[in-house]
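Welcome! Here is a short briefing to read alongside the model, with the main points grouped by topic.

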Amino acid sequence: MATLELQNIAKNFGDTAVLQALDLKLASGEMLVIVGASGCGKSTLLRLVAGLETPSGGKILLDGVDITAADPAKRDIAMVFQNYALYPHMSVAQNMGYALKLRGLSKTDITAKVEQAAEMLGLTPLLGRRPGALSGGQRQRVAMGRAIVRQPKLFLFDEPLSNLDAKLRVSMRAEIRRLQKSLRVTAMYVTHDQTEAMTMADRLIVMNAGKAEQIGTPMEVFARPATLFVAQFLGAPAMNTLLPLKAGLTDAPEGAMLGIRPEDILVGETGLAMAIDLVEPLGSETLIHGRLACGQSLTLRRAGGPPEGSQIFVSLPDQKRHYFDAATGARL
Amino acid sequence: MKSRNWFAHTVLVIGVLLFILPVWVMVAGATQDAGAITRGDLSLIPNPAGLGIFWQALCFGGASKAGYPVWHMLLVSFAMAMVIAIGKIFISLLSAFAVVFFRFPLRKLAFWTIFLTLMLPVEVRIIPSFAVVSQLGLVNNLGGLTLPLIASATATLLFRQVFAALPDELVEAARLDGAGPLQFLWDIVLPVCRANLAALFVILFVYGWNQYLWPLLVASSPAYTTIVLGITQMISPEQMTPWNLVMATTTLALIPPVLVVIVLNRAFVRGLTEVDK
């Protein structure tokens with residue numbers, strides 16, 4: 001339970017600015033997900049908070065205390081790494097207890113805390129094993145356990161699920177979220193997976209080229225993307241973008257780019273003619289790809305669909321349209 | 001597949017025979033009478049009656065001028081090889097640790113300076129080294145025997161490669177767990193690299209054991225005669241060389257390095273072949 005505040009944080013590597021003037025506040029117990037394509041500075045942000053990198057400018061406050069220059073060990077922050085970073089020569093119990101041992105806790109205290117965390121994560125039967133004898137999911141759990149036993153003020157997750165297979169990822173995702181909620185610990189979670197971002201976040205921050213494009217709750221960001229980048233990053237398949245004038249939609253603002261989500265497009269008897277060139281059935285829904293008469297492509301998400309090669313008429317309802325400045329990408 | 005196995009085994013067997021033959025001649029020769037080699041009728045079949053020669057050689061005092069027996073020379077050699085191996089590992093471990101995990105000014109320069117000393121083995125710098133050692137008053141003691149051989153670029157380079165292969169996250173996880181540099185070295189780096197340590201120890205022990213030129217120069221006192229020096233001193237053109245004793249002593253001189261290799265064999269192989277950390 002702690003608050004975190006970043007004030008005007010920046011980071012340069014040589015001449016390249018990886019992170020530019022970022023302000024951020026995390027409430028106690030909040031899960032903030034940082035999402036963005038690779039190289040957008042999201043991992044750097046996490047590493048700055050952890051103390052593994054020093055910021056080129058700005059301040060980091062944890063519970064109101066300035067920790068910008070503090071040693072990583074002194075920050076009371078635990079981190080879960082993408083490749084788990086377990087100590088290969090130590091048993092699961094030793095891995096989890098190492099930080100406690102370094103803090104000078106007694107053996108009985110360490111054992112008690114490790115066993116409690118192991119119980120929580122279902123690791124009790126594995127405590128004597130080495131990481132090499134564990135599966136990916138189990139290693140991930142150990143990495144979580146190592147963070148939990150320390151009872152840190154802040155949890156940092158650096159793409160913790162990206163090395164797991166799809167099925168395990170879904171269940172671990174829910175488990176991490178449940179755990180974070182029940183421990184009520186403040187957490188920052190970095191991912192490039194937009195589903196993870198949407199499902200796990202109290203609030204999320206979409207990053208692009210070292211800048212925060214938008215910060216808000218998942219539904220806010222999804223419903224009212226602040227920029228074209230955010231609009232296209234969240235949601236699968238991505239939001240359609242059109243040049244409205246080219247498509248013959250004359251009611252659009254000057255110089256605007258029109259965005260509309262695949263599920264918001266209506267199919268009817270009249271409207272824009274669209275030739276279907278690919279149909280992807282996903283079971284519960286079907287993705288329909290096609291081209292408008294003007295040559296611009298469009299994707300629809302519907303319960304079912306007409307066959308490939310056929311022609312349909314689509315309309316884009318006014319209240320579902322998003323307009324962005326074609327030059328700057330900002331929402332209009 | 002089968003025929004290729006057969007071919008591989010033939011090559012291996014020939015290789016083994018090639019390597020074992022001199023050793024066999026040495027052991028067999030030790031058990032013959034002293035004149036067998038000079039007469040040229042050395043038998044390849046060991047003479048069981050002559051097995052006592054090994055015990056005799058161990059206690060033989062005629063090798064060095066002051067009469068130190070062979071077991072004493074073995075001890076000197078063992079001490080020298082141990083100090084060199086451990087000293088080298090200690091120094092190069094710390095220097096590689098510094099070069100890999102710390103960012104300090106002139107780090108690159110420090111590394112390349114160490115690298116450069118690869119081109120200056122003991123033989124090249126033997127005169128200045130001797131001058132330094134003698135001015136330090138280290139002639140004829142264990143310090144003088146080992147110190148100039150301890151500074152080692154090879155071991156530093158090897159450790160650097162091993163350390164650089166450790167995942168960054170491991171270092172970072174340890175930092176977040178609160179491990180200081182030395183704690184990290186002791187708790188994480190050393191256990192993770194123990195196979196490499198063992199491999200290096202074997203190589204360095206044999207290197208130290210086989211030293212000839214430097215001990216010859218710096219250990220003029222018979223009390224510091226190493227076994228390698230002792231063997232050469234037993235062979236003199238002026239008098240009858242007791243070849244069977246020389247062979248027996250050589251056999252004895254072979255045992256400690258072989259033991260080290262056997263004991264650390266598994267770790268040795270793992271240390272040289274293991275890539276995954």
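Two residues are in contact if their C-beta atoms, placed from the backbone, lie within 7 Å. With that in mind, V70(B), M73(B), L74(B) and S77(B) in α4(B) meet I227(B), V228(B) and G230(B) in α13(B). Please keep in mind that this is a predicted model.

**Chain A as a whole**

- Chain A contains 8 helices and 18 strands.
- Its C-alpha atoms fill a box of roughly 75 × 45 × 30 Å, taken along the principal axes.
- Chain A has 332 residues, and 39% of them count as buried.
- Among the contacts in chain A with a separation of 6 or more, 64% come from residues 24 or more positions apart.

- Strand β9 (residues 203-208) of chain A runs antiparallel to β10(A), and 5 bridges join them.
- Within this pair, I205(A) has I215(A) in β10(A) as its bridge partner.

**The sheet of 5 strands in chain A**

- A further open sheet has the order β13-β17-β14-β15-β16 (chain A), with antiparallel pairing.
- Its edge strands are β13 (266-268) and β16 (297-302) of chain A, and each pairs on one side only.
- Neighbouring strands of this sheet are turned by 45° against each other on average, direction ignored.
- β13(A) pairs with strand β17 (residues 311-315) of chain A over 3 bridges, in the antiparallel sense.
- Opposite G268(A) you will find F313(A), which belongs to β17(A).

**Helix packing in chain B**

- How do α4(B) and helix α13 (residues 227-234) of chain B pack? Their angle is about 140°, and their axes are 8 Å apart.
- The two helices, α4(B) and α13(B), are therefore oblique to each other.
- The residues of the contact of α4(B) with α13(B) are 5 nonpolar and 2 polar, with no charged ones.
- Which residues are buried in helix α7 (residues 142-150) of chain B? They are G144(B), L145(B), T146(B), P148(B), L149(B) and I150(B).
- These buried residues of α7(B) pack against α4 (70-101), α6 (126-135), α11 (194-209) and α12 (213-218) of chain B.

**Where the two chains meet**

- Chain A brings 17 residues to the contact, and chain B brings 15 residues.
- On the side of chain A that touches chain B, the elements giving two or more residues are β6 (77-80) and α2 (92-102) of chain A.
- That side of chain A is made up of 14 nonpolar, 2 polar and 1 charged residues.

Notes: Residues numbered from 1 in each chain as written. Chains lettered and ligands numbered in written order. Predicted model: local features only at pLDDT ≥ 70, side-chain atom pairs only at ≥ 80, totals over all residues. Helix = DSSP H or I, 4+ residues; strand = E, 2+ residues; numbered from the N terminus. Nonpolar A, V, L, I, M, F, W, Y, C, P; charged D, E, K, R; others polar. Buried ≥ 20, exposed ≤ 12 C-beta atoms within 10 Å, placed from the backbone. Pairing = 2+ DSSP bridges. Axes fitted to C-alpha atoms, helices over the stretch in contact; angles between N-to-C directions. Parallel < 35°, antiparallel > 145°, perpendicular 65-115°, else oblique.
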